[in-house]
Amino acid sequence: MSGAGGSRLRSPAPSGRFPTSSRVRKRAEFLSIQNGGQRVSTPRFVLILTASAAPGSPRLGITASRRVGNAVVRSRAKRLCREAFRATRELWPPGIDLVVIVKRATEDSKLDSVVSEWLAARAQIEERLRTLLGTAAPSAAPPSPAPRG
């Protein structure tokens, strides 16, 4: 009895999980990132980037205040952000902490619209990452030619 639900999985279960090591969890961490991070604003989100204290896989934290909507709306917005973070892994190099602040409700949004909104801000994100890391960000512009002389 194999159900149709099993065929809907897009990837193996472990990569679909969102482990504790990939999350910003403590209030002090959120405040530190929000106070000292580089901001990128999109129509529905504020993305705040900072270099992580512990190098490793990128970490994500999400905040959605009550003004975004009721608990159901806020939870949906957070689920969409987590899935968009997974879908745009190439944007987030190791050693980065990201806090997403939901500015307005995403109730009519689909994952594709959130991902496309984040990808539209790719140039700004990569510029902030270069500032934070002091190196070329992934998928950044090719290096300039070597000086002659």
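**The sheet and its surroundings**

Guide: In this predicted model, four strands form an open sheet in the order β1-β2-β4-β3, with mixed pairing; helices (H or I, at least four residues) and strands (E, at least two) are DSSP runs, numbered from the N terminus, and two strands pair if DSSP finds at least two bridges between them. β1 (38-41) and β3 (59-63) are the edge strands, each pairing on one side only. From one strand to the next, the twist averages 20°, with axes fitted to C-alpha atoms, for helices over the stretch in contact, and angles between N-to-C directions running from 0 to 180 degrees.

Residues are numbered from 1 along each chain as its sequence is written. Local features need pLDDT of at least 70, side-chain atom pairs count only at pLDDT 80 or more, totals for chains, interfaces and linings use all residues, and side-chain values use heavy atoms, with hydrogens and water left out.

β3 and β4 (residues 96-102) run parallel and are joined by five bridges; R59 has D97 in β4 as its bridge partner. Helix α5 (residues 122-133) packs on the sheet and touches β1, β2 (45-51) and β4, where contact means heavy atoms within 4.5 Å. The direction of α5 makes about 180° with that of β1.

β3 also contributes three residues, the largest share, to the lining of the second largest pocket. β3 and α3 (71-87) each supply at least two lining residues there.
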